Amino acid sequence: MPEKIRQANAKAAASKYAPKPDGSTLTYGLIAVSVLAVTLAVYGRFYDVDMLSEPVALVVASLAAFAFGAGIRLRLQQRHAAAYRAEYALRQRASTAAGQTEAAPATLRNETPQ
């Protein structure tokens with residue numbers, strides 16, 4: 001199997017169960033900060049708490065949320081890369097084994113000659 005076809009097949013198979021993240025790290029971080037802001041706004045309204053009275057806590061929480069979002073993207077990227085490597089190795093072993101099986105005599109393939 002040609003190398004480019006093997007890579008394309010491995011990428012397609014890996015994307016089925018471990019898709020590559022669509023957005024950038026910045027996007028994931030900003031989404032996490034936005035979710036935090038909405039959560040804090042709802043919390044502040046519900047409990048009648050002024051959330052802007054502690055700006056240092058808001059900045060620290062925002063940085064932690066950004067790091068959390070970036071970490072999620074990093075984890076998804078790692079899962080996709082591991083799935084791609086596994087699928088590529090599987091296809092490489094399969095093509096190598098198929099090539100050896102065709103060329104090997106019946107005694108080397110653990111078959112009884114007829």
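**Figure 1. Helix α1 and its span.** The expected span of a helix is 1.5 Å times one less than its number of residues. Helices (H or I, at least four residues) and strands (E, at least two) are DSSP runs, numbered from the N terminus. Helix α1 covers residues 3-17, which makes 15 residues. At 1.5 Å a residue, α1 should span 21 Å. Its end C-alpha atoms lie 22 Å apart, which agrees. This is a predicted model: local features need pLDDT of at least 70, side-chain atom pairs count only at pLDDT 80 or more, and totals for chains, interfaces and linings use all residues. Residues are numbered from 1 along each chain as its sequence is written, and side-chain values use heavy atoms, with hydrogens and water left out.

**Figure 2. The whole protein chain.** The protein chain has three helices and zero strands. From the N terminus on, its elements run α-α-α. How much of the chain counts as buried? Of its 114 residues, 18% do. Buried means under 20% relative accessible area, exposed means over 50%, and partly exposed lies in between (1.4 Å probe, protein chains only). The chain exposes about 8,600 Å². Carbon and sulfur atoms supply 63% of that area. Accessible areas come from the Shrake-Rupley method with a 1.4 Å probe; for residues, only the protein chains shown count as cover. Contact means heavy atoms within 4.5 Å. Among contacts between residues at least 6 apart in sequence, 84% join residues at least 24 apart.

Figure 3. Which residues of α1 are buried? They are R6, A10, A13 and A14. These residues cover an arc of only 100 degrees around the axis, which puts them on the same side of α1. The arc is that of the directions from the helix axis to the C-beta atoms. On the other side of α1, K4 and K16 are exposed.

Figure 4. The structure holds two salt bridges. A salt bridge is a side-chain nitrogen of Lys or Arg within 4 Å of a carboxyl oxygen of Asp or Glu. Side chains of opposite charge can pair when their charged atoms come close. R6 forms one with E3, and the closest N and O atoms are 3.1 Å apart. Both residues lie in helix α1, three residues apart, about one turn of the helix. An α-helix has 3.6 residues a turn, so residues three or four places apart point the same way. R6 is buried, with a relative accessible area of 8%. E3 is partly exposed, at 38%.

Figure 5. Helix α3 covers residues 55-103. Here the side chains of R91 and E87 meet in a salt bridge (2.6 Å, N to O). R91 and E87 both lie in α3, four residues apart, about one turn of the helix. R91 counts as partly exposed, at 21% relative accessibility. E87 is buried, with a relative accessible area of 12%.

Figure 6. Y17 lies in helix α1, and E87 lies in helix α3. What joins their side chains? A polar contact of 3.0 Å does. A polar contact is a pair of N or O atoms within 3.5 Å; within protein, one must be able to donate a hydrogen and the other to accept it, and residues adjacent in sequence count only if both atoms are side-chain atoms. Leaving aside neighbours within four places in sequence, Y17 is in contact with A83 and E87. With residues up to four places away not counted, E87 touches A10, A13, A14 and Y17. Y17 and R79 are 62 residues apart in sequence. In space they are 9.5 Å apart, C-alpha to C-alpha.

**Figure 7. H80 in helix α3.** H80 has its place in helix α3. Is H80 buried or exposed? H80 is buried, with a relative accessible area of 6%. Not counting residues up to four places away in sequence, H80 touches S15, A18, P19 and K20.

Figure 8. Helix α2 has 23 residues. From first C-alpha to last, α2 reaches 33 Å, close to the 33 Å expected at 1.5 Å a residue. G29, A32, L40 and G44 are buried in α2. D48 follows α2. D48 is found in the loop between α2 (25-47) and α3. D48 has a positive phi of about 55 degrees, although it is not a glycine. D48 is exposed, with a relative accessible area of 72%.
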